[in-house]
Amino acid sequence: MPGSLEMLLGIFSRLEQRPDCQALTRSIDSCTVLELLEEMREVDWKEIRVPSAYLEKKVRESLLRREALLAAL
C-alpha cells in the first residue's frame with residue numbers, strides 16, 4: 001500500500017494522544033514498525049472499507065499483543 005509508513009506514523013501519533021494508549025506507544029521501535037509493515041503487505045485492501053480505522057485497530061492489537069508477550073518473559 002503506497003504511503004504505508006506515513007499512515008503508520010499518523011496512527012502512532014493519534015494513539016499517543018489517547019491516555020489509554022500512551023503506555024503502548026512508548027514501546028514502539030523499529031522492529032514494531034517492520035512487523036506492522038509486513039502485516040500491511042498481506043492485507044487485501046480492496047476488501048477494507050475504512051483503511052485508516054482498520055489499520056488503527058490492527059496497530060493497537062499488535063501493540064497489545066507485543067506488550068503481553070514482553071510481560072510474559
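Thr25 is in contact (heavy atoms within 4.5 Å) with Phe12, Leu15 and Glu16, leaving aside its neighbours within four places in sequence. The model is predicted: local features need pLDDT of at least 70, side-chain atom pairs count only at pLDDT 80 or more, and totals for chains, interfaces and linings use all residues. Residues are numbered from 1 along each chain as its sequence is written, and side-chain values use heavy atoms, with hydrogens and water left out. Helices are DSSP runs of H or I with at least four residues, strands are runs of E with at least two, and both are numbered from the N terminus.

**Thr25 and the cysteines**

- Thr25 belongs to helix α2, which covers residues 22-25.
- Thr25 is buried at 11% relative accessibility, where buried means under 20% relative accessible area, exposed over 50% and partly exposed in between, with a 1.4 Å probe and protein chains only.
- Cys21 is buried, at a relative accessible area of 1%, whereas Cys31 is partly exposed at 43%.
- The count of disulfides (pairs of cysteine sulfur atoms within 2.5 Å) is 0.

**Packing of α1 against α3**

- Two packed helices are described by the angle between their axes and the distance between the axes.
- Helix α1 (residues 4-17) packs with α3 at an angle of about 120°, and the axes are 11 Å apart.
- Axes here are lines fitted to C-alpha atoms, for helices over the stretch in contact, and angles run from 0 to 180 degrees between N-to-C directions.
- The two helices α1 and α3 are therefore oblique to each other; angles under 35 degrees count as roughly parallel, over 145 as roughly antiparallel, 65 to 115 as roughly perpendicular and the rest as oblique.
- On the α1 side the contact involves Ser4, Leu5, Leu8 and Phe12, which meet Val33, Leu36, Leu37 and Met40 in α3.
- By class, this contact of α1 with α3 has 7 nonpolar, 1 polar and no charged residues, with Ala, Val, Leu, Ile, Met, Phe, Trp, Tyr, Cys and Pro counted as nonpolar, Asp, Glu, Lys and Arg as charged, and the others, Gly among them, as polar.

**Packing of α1 against α4**

- Helix α4 spans residues 51-72 and packs with α1 at an angle of about 65°, with 10 Å between the axes.
- This makes α1 roughly perpendicular to α4.
- The crossing of α1 past α4 is right-handed.
- Met7, Leu8, Ile11, Phe12, Arg14 and Leu15 of α1 meet Ser52, Leu55, Glu56, Val59, Arg60 and Leu63 of α4.
- The residues of the contact of α1 with α4 comprise 8 nonpolar, 1 polar and 3 charged.

- Leu36, in helix α3, is buried at 3% relative accessibility.
- Not counting residues up to four places away in sequence, Leu36 touches Leu8, Phe12, Lys58, Val59 and Ser62.
- Leu36 and Val59 are 23 residues apart along the chain, and their C-alpha atoms are separated by 7.1 Å.
- Ser62 lies in helix α4 and is buried, with a relative accessible area of 4%.
- Ser62 touches Leu36 and Glu39, again not counting residues up to four places away in sequence.
- Glu38 lies in helix α3, residues 30-41, and is partly exposed at 38% relative accessibility.
- Glu38 and Leu55 are 17 residues apart in sequence and 13 Å apart in space, C-alpha to C-alpha.

Terms used: A crossing is left-handed if the near helix is turned anticlockwise from the far one by less than a right angle, and right-handed if clockwise.
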